[in-house]
Amino acid sequence: LVPSDAWKSVRLNSTWWTPHLKQYQLATSLSSSSSSGTTSQADMELVNKLMEPTILPKKEETDTSPYSETVSLPPQVILSPGVHKYVLIEARADGKRLTFVKSASPAECGGIYHANVAEELVHRLTEAGFRCKVTGGGRIEYNPDVPHAHVYGFSYGFGKGDHAKAASLIEEWTQGRIVATFDNS
């Protein structure tokens, strides 16, 4: 065979869309591995760490509470578009009780497990003076274009979340802008 001069090969190493393509490839590789990986030793170690009672900061003599109303708290509902794992977190401080729902893609939370979704939020709430407990998890399919969120599934590490409570909190917190449904099967 004799190579033809009619066809030339050209390679483009980088362009304006290269970072976007790399981010997409990372997200799809992490999410495709999440469908096969349900739990791991590292996940269970992180779950156990997050299930331990959080230690409140020591009170100073002038403080009446480790929790302050002036502390900037994260939103009680954090949803990531698409189908992602979610956690339901109960936070308490001085008679104040708040519930948080968070879903996140593996690229957003740094891992494919429910514990990865919970870790940053538990840390932020603990720093704000709350005692935290991850009460369960599952998946949320969130479509902001419709806008609709469907809550279902379970977490191997934290157990099944209260999907009715999560759906109710989503609707309440977004003042009905997002219609939330749930499936307990």
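**Close-up views of a predicted model**

View 1. The model is predicted, so local features need pLDDT of at least 70 and side-chain atom pairs count only at pLDDT 80 or more, while totals for chains, interfaces and linings use all residues. Residues are numbered from 1 along each chain as its sequence is written, and side-chain values use heavy atoms, with hydrogens and water left out. His114 belongs to helix H4; helices (H or I, at least four residues) and strands (E, at least two) are DSSP runs numbered from the N terminus. With a relative accessible area of 9%, His114 is buried (buried means under 20% relative accessible area, exposed over 50%, and partly exposed in between, with a 1.4 Å probe and protein chains only). Apart from residues up to four places away in sequence, His114 touches Lys85, Tyr86, Val87, Gly137, Gly138, Phe154, Ser155 and Phe158, contact meaning heavy atoms within 4.5 Å.

**View 2. The buried face of helix H2.** In H2, which spans residues 41-51, the buried residues are Asp43, Leu46, Val47 and Leu50. Seen down the axis of H2, these residues fall within an arc of 105°, so they line one face of the helix; the arc is that of the directions from the helix axis to the C-beta atoms. Gln41 and Lys49, on the other side of H2, are exposed, and the cover over the buried residues includes helix H4 (114-127).

**View 3. The largest nonpolar core and Phe158.** A nonpolar core is a set of buried Ala, Val, Leu, Ile, Met, Phe, Trp, Tyr and Cys residues joined through side-chain atoms within 4.5 Å. In the largest one, which has 22 residues, Ile89, Ala118, Leu125, Phe130 and Phe158 touch the most other members. Two or more residues each come from H2, strand S2 (82-93), strand S3 (96-104), H4 and strand S4 (131-143), and the largest share, six residues, comes from H4. Leaving aside neighbours within four places in sequence, Phe158 is in contact with Val47, Leu50, Met51, Val87, His114, Ala115, Ala118, Val134, Thr135 and Gly136. A second, separate core of 15 residues includes Tyr86, Leu88, Leu169 and Ile170.

View 4. His163, Ala166, Ala167, Leu169 and Ile170 are the buried residues of H5, which covers residues 163-173. Seen down the axis of H5, they fall within an arc of 160°, so they line one face of the helix. Their cover includes strand S1 (77-78), S2, S3, S4, strand S5 (148-152) and strand S6 (179-182). Gln175, in the loop between H5 and S6, has a positive phi near 55° although the residue is not glycine, and is exposed with a relative accessible area of 67%.

**View 5. Backbone details in two loops between strands.** Asp94, found in the loop between S2 and S3, has a positive phi near 45° in a residue other than glycine and counts as exposed at 52% relative accessibility. In the loop between S4 and S5 lies Pro147, which is joined to Val146 by a cis peptide bond with omega about -25°.
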